[in-house]
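Look through the sequence and the 3D view below before reading on. The paragraphs after it go from single residues to the chain as a whole and back again.

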Amino acid sequence: MNRLFGSKASAPKPTLNGAIASIDTRIASIDTKLKALNGELSAYQDKLSKMRDGPGKQALKQKALKVLQRRKAYEAEKDKLEGQVWNMEQASSMQDNLKNVMTQVDAMQTTNKALRKQYGKIDLDKIEKLQDEMADLMDVGNEIQDSLARSYDIPEEVDESELDAELEALGMEQEWEREMDMGSGAVPGFLQDEIAPEFVDEPPQMEAKVGEAAG
């Protein structure tokens, strides 16, 4: 039969939100009817307050009584529907919370697998060894810094006699350099002290003296 006439499309499954929306629509309709009934009761109340006791007033009271009964029936129905909406809203909230919990559990499981995979590649022994090597290198570096920062021993006191001797030696060295820088015909000071004897007619040659001094 389904091949000949085709199968009916499956209706969507009802949901809590859909049921809540449907009941809210029903409650809104009841509110409209209650408003109209309250208007009728107000009109009856106004008329009854102006009428004298008698059959006409009693008949009007019976009509007002029926309107009041209808209003109470609608109010009772509204209370039941509101209770149903409340229960379904609580169930929907629990369902949403359960979905959130399941999502969190799935996320935690995925994260747990990823962490296990990542941490499985880490060798704690190698990390400890690396930490020890770094500590040793830091110690060596500190020792090198301390060694480079060490001050050399410098005599705290200098003897004045040593100072005078050093200054005199420096003065003689400077005088020697000045005399050596003089012209080619100049004679060093230590050679100028030699004076030719009176019996020598000619003074000795400068080149000979210089040669002897060098020898």
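A residue is called buried when its relative accessible area is under 20%, exposed when that value is over 50%, and partly exposed in between. Serine 92 has a relative accessibility of 10%, so serine 92 counts as buried. This residue lies in helix 3. Which residues does serine 92 touch, leaving aside its neighbours within four places in sequence? The contacts of serine 92 are Leu16 and Asn17. Keep in mind that the model is a predicted one.

Now take the whole chain. The protein chain has seven helices and zero strands, so read from the N terminus its elements run α-α-α-α-α-α-α. Of its 215 residues, 11% count as buried. The accessible surface of the protein chain comes to about 19200 Å², and carbon and sulfur atoms make up 55% of that surface. Among contacts with a separation of 6 or more, 63% are between residues 24 or more positions apart.

Helix 3 takes up residues 55-119, which is 65 residues. How far apart should its ends be? At 1.5 Å a residue, helix 3 should span 96 Å, and its end C-alpha atoms are 95 Å apart, which agrees.

The next point is what helix 3 packs against. Its buried residues are Lys57, Leu60, Ala64, Val67, Tyr74, Lys78, Leu81, Val85, Met88 and Ser92. These buried residues pack against helix 2, which covers residues 16-50. An α-helix has 3.6 residues a turn, so residues three or four places apart point the same way.

The structure holds five salt bridges. In one of them, the side chains of glutamate 77 and arginine 26 meet at 2.7 Å, N to O. This pair links distant parts of the chain, since glutamate 77 is in helix 3 and arginine 26 is in helix 2, 51 residues apart. Glutamate 77 has a relative accessible area of 27% and is therefore partly exposed. Arginine 26, with a relative accessible area of 33%, is partly exposed too.

Another salt bridge brings together the side chains of lysine 78 and aspartate 31, at 2.6 Å, N to O. Lysine 78 lies in helix 3 and aspartate 31 in helix 2, so this pair ties together parts that are 47 residues apart in sequence. Lysine 78 is one of the buried residues of helix 3, whereas aspartate 31 counts as partly exposed because its relative accessibility is 32%.

A further salt bridge is formed by the side chains of lysine 57 and aspartate 53, at 3.1 Å, N to O. Is lysine 57 buried or exposed? At 13% relative accessibility, lysine 57 counts as buried.

Last comes a part of the surface. Leu115, Tyr119, Ile122, Leu124 and Ile127 form a nonpolar patch there, with about 510 Å² of accessible area together. Helix 3 and helix 4 (124-148) each supply at least two residues of this patch. Tyrosine 119, one of the patch residues, is found in helix 3. Its relative accessibility is 57%, so tyrosine 119 counts as exposed.

Note on methods. Residues numbered from 1 in each chain as written. Predicted model: local features only at pLDDT ≥ 70, side-chain atom pairs only at ≥ 80, totals over all residues. Heavy atoms only, no water. Helix = DSSP H or I, 4+ residues; strand = E, 2+ residues; numbered from the N terminus. Expected span 1.5 Å × (residues − 1). Buried < 20%, exposed > 50% of the residue type's maximum accessible area, 1.4 Å probe, protein only. Contact = heavy atoms within 4.5 Å. Patch = residues over 30% accessible without salt bridge, like charges linked within 9 Å, V, L, I, M, F, W, Y side chains within 5 Å. Areas by Shrake-Rupley, 256 points an atom, 1.4 Å probe, with all protein chains shown as cover. Salt bridge = Lys/Arg side-chain N within 4 Å of Asp/Glu carboxyl O.
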